[in-house]
There are 2 protein chains.
Amino acid sequence: MKSAAKAVETTADDTAETGSQQIRDAIRDAIVERRLSPGTKLSESDVGNLFNVSRTLARSALQALAYEGLVSVEKNRGAFVAYPSPDEARQIFAARRLIEPGILREAAARITPSQIQHLRQLLIEEGRLMGERGQTARRAEIKASGDFHLTLASISGNTIMQRFMDELVARSSLVIALYGQSTVSSCGHSEHGDIVDAIERKDLDKACQLMLHHIAHIEADLDLREQKSVGLKEAFDL
Amino acid sequence: MKSAAKAVETTADDTAETGSQQIRDAIRDAIVERRLSPGTKLSESDVGNLFNVSRTLARSALQALAYEGLVSVEKNRGAFVAYPSPDEARQIFAARRLIEPGILREAAARITPSQIQHLRQLLIEEGRLMGERGQTARRAEIKASGDFHLTLASISGNTIMQRFMDELVARSSLVIALYGQSTVSSCGHSEHGDIVDAIERKDLDKACQLMLHHIAHIEADLDLREQKSVGLKEAFDL
DNA sequence: GCGCAAAAAATCGTATACAATTTAGCCGCA
DNA sequence: TGCGGCTAAATTGTATACGATTTTTTGCGC
């Protein structure tokens, strides 16, 4: 046991819920890396069979993912990879604009040189993936892009905000999968670098400004027009 | 069906998980209103019997609450009402300081006169409860005090931030139960009123400043010293 | 061939049953 | 009396089973 005596242990040291936890993480990774498309049905039986566990655990994992907003469960119908509406997408990015500057300030205040080094390492890896070709590289790039924001959150030292960011970054990935236009899935890679530069110079105002622009750029690449089921005549009448 | 055609319905219209949802809400209310003390054991069987459902549903509810940070489940040991550490408490309030000004700005930008009216109504109710005596009144007051912040979040129109605030307000209640000093459980009631006033005047900077002060006041009432299990010699040597 | 109703299949919601782990009690022994 | 280890009770982790709801398919009349 690491921490010494304490009245009540608030954080479970052992990995709670080893069963559903693993499934949950596996499915979440698949969603974030866009191997699972929005709207895909995730039947409890199928998930259970896939991971060789009972439906109980599969269900538990799916419900947890539903709470994170990554899957939507409809009563008596099943679970589906979330299909965020344009309005939901706007709310996700509004939340990021609201939260990330604050996280950035906290992170910048307590960042260590070795952590800056770590961030730069991430950027190099990200850049390398951008150069490569192929789906696996693309998926790794998507994850790396999100990891930048997540790492910033972890540096801030606030585990709660970290969890909020986890959710927002994951859901952003869904939104980009649905509404993203430019082929380059990730956002401007150089913008990440600029932010790190500003952090290193301790120019917080500039860093925040860059972050807001960065988020705005990602959002600007989306086509959030209501695609009202195209339906009926317009599709053929033209 | 209310909304017309859409490719995939993202928000389930029917109440999903009627079973565990009800239990979850009931327990959460009990925690937020401090009828359940931090550290209290919540056995799956007991919870199930209490609500006349199977252990399956009880477990599901407890896991959901664990995700919200209101209960902590320890592997093979059970679920307990969360007992936030002083550090956790600081993180909760740091998160609120980070988030609430942004929510306030969003809310102020889109607030309608009738919503202002609604806020004032809440304040009146809150004041009335402050005057009353007795535990039930005290509990209602606790809830009303949180409702002010939650209502602000709902006015902001961002359901994601609303959920984040739900969690933060609930966990704040736990922290206050543990570390609060002044008998008056709720924070300065008048401060809520001042914030509404500033919103009505569209003085956003002032409103944000008041909000930050307000949160600081709540936190200032806490005694967050590490009570390192008092243990060992100090307890007896003196 | 088309539309509609009823039955069949599939899937979810909940309960119960069994296995694994932890906790508490008990007895023997120094 | 105090301590160590063993057994039994309690509690959680996981799987299976059954009932309810939804979806699909089948079959019939037109």
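Visitor: Which residues come nearest to DNA strand C?

Guide: This is a predicted model, in which local features need pLDDT of at least 70, side-chain atom pairs count only at pLDDT 80 or more, and totals for chains, interfaces and linings use all residues. Residues are numbered from 1 along each chain as its sequence is written, chains are lettered from A and ligands numbered from 1 in the order in which they are written, and side-chain values use heavy atoms, with hydrogens and water left out. A residue is near a strand if one of its heavy atoms lies within 4 Å of it. Of the 19 residues around DNA strand C, those that come nearest are A:Arg55, A:Arg59, B:Ser54, B:Thr56 and B:Arg77.

Visitor: Which element supplies the largest share of the surface near DNA strand C?

Guide: Helices (DSSP runs of H or I, at least four residues) and strands (runs of E, at least two) are numbered from the N terminus. At least two residues each come from α3 (55-67) of chain A and from α1 (18-32) and α3 (55-68) of chain B. The largest share, three residues, is that of α3(B).

Visitor: Is B:His214 buried or exposed?

Guide: B:His214 lies in helix α9 (residues 204-220) of chain B. Buried means under 20% relative accessible area and exposed over 50%, with partly exposed in between (1.4 Å probe, protein chains only). Because its relative accessibility is 0%, B:His214 counts as buried.

Visitor: Which residue in β3(B) is the bridge partner of B:Leu42?

Guide: An open, antiparallel sheet of three strands in chain B has the order β1-β3-β2. Two strands pair if DSSP finds at least two bridges between them, and β1(B) pairs with β3 (residues 78-81) over two bridges. The partner of B:Leu42 is B:Ala79.
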